[in-house]
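Subject: Structure handover

Hello,

Here is the structure for you to take over. Please have it open while you read my notes below.

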Amino acid sequence: MQQIISNIGSFLWGPPMIVAIMGCGILLTVRSKFFVFRYFGLIFKKALGSMKSSGQKRTGNASPFEAICVAVGGAVGVGSLGGLHTTLSHPVTSSHMGVPDETRRKMGITPGMIRVSVGIEEADDLVADFENALKVFG
């Protein structure tokens with residue numbers, strides 16, 4: 001039974017998933033009237049232009065470039081939500097990057113914190129993986 005489930009999972013995460021992801025990408029691109037392509041230059045002009053010292057005072061914690069990086073990273077990372085695999089993240093440099101340090105600390109989010117989202121792996125395998133990682137990077 002486990003082999004059958006494994007074969008089905010391997011098949012679904014192969015060509016059908018690629019077709020579904022590409023189909024969604026194409027559909028959203030068409031529905032947004034090719035927004036990314038139409039405004040690609042403007043997005044990067046604003047983002048990369050903000051990296052130059054322009055003498056203008058910024059209001060906010062993140063530059064436009066950082067905001068784009070966080071937005072893209074957030075969109076890409078969404079695939080792991082509810083996923084099958086265990087993922088690790090560093091909230092201070094990802095999900096809570098734009099939150100002031102004092103506020104993050106009040107929330108219990110410190111610079112050394114690592115968030116673990118556990119997937120469907122066996123608990124013993126996860127423990128062994130973490131122990132091995134701590135031996136290597138410890």
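Start at Asp-101, which is partly exposed, with a relative accessible area of 33%. Please keep in mind that this is a predicted model.

Asp-101 has two charged partners. One is Arg-104: the two form a salt bridge, with the closest N and O atoms 3.4 Å apart. Both residues sit in helix H5, which covers residues 101-106. They are 3 residues apart, about one turn of the helix. Arg-104 is buried, because its relative accessible area is 9% and the limit for buried is under 20%.

The other partner is Arg-105. Its side chain meets that of Asp-101 in a salt bridge at 3.0 Å, N to O. Here the spacing in helix H5 is 4 residues, so about one helical turn separates the pair. Arg-105 is partly exposed, at 45% relative accessibility.

Helix H5 holds another pair, Glu-102 and Lys-106. These side chains form a salt bridge too, at 3.5 Å from N to O. Glu-102 is exposed, with a relative accessible area of 55%. Lys-106 is exposed as well, at 66%. As for the shared partners, salt bridges link Asp-101, Arg-104 and Arg-105 into one network. The whole structure has 3 salt bridges.

Now the overall layout. The protein chain has 6 helices and 2 strands. From the N terminus, the order is α-α-α-α-β-α-β-α. Of the 138 residues, 7% are buried. The chain exposes about 11300 Å², and carbon and sulfur atoms supply 67% of that. Take the contacts between residues at least 6 apart in sequence: 50% of them join residues at least 24 apart.

Next, the surface. A nonpolar patch there has about 1200 Å² of accessible area in total, and its members include Ile-18, Met-22, Phe-34 and Phe-44. Which helices each supply at least two of its residues? They are H2 (15-31) and H3 (35-49). H3 gives the largest share, with 7 residues. Ile-18 belongs to helix H2.

Helix H3 also carries Arg-38. This residue is partly exposed, at 49% relative accessibility. Beyond its neighbours within four places in sequence, Arg-38 contacts Ser-32 and Lys-33.

Finally, there is a negative surface patch. Glu-121, Glu-122, Asp-124, Asp-125 and Asp-129 form it. Asp-129 lies in helix H6, residues 123-137.

Best wishes

Key. Residues numbered from 1 in each chain as written. Predicted model: local features only at pLDDT ≥ 70, side-chain atom pairs only at ≥ 80, totals over all residues. Heavy atoms only, no water. Buried < 20%, exposed > 50% of the residue type's maximum accessible area, 1.4 Å probe, protein only. Contact = heavy atoms within 4.5 Å. Areas by Shrake-Rupley, 256 points an atom, 1.4 Å probe, with all protein chains shown as cover. Patch = residues over 30% accessible without salt bridge, like charges linked within 9 Å, V, L, I, M, F, W, Y side chains within 5 Å. Salt bridge = Lys/Arg side-chain N within 4 Å of Asp/Glu carboxyl O. Lys, Arg positive; Asp, Glu negative; His and termini not counted. Charge placed at Lys NZ, Arg CZ, Asp CG, Glu CD.
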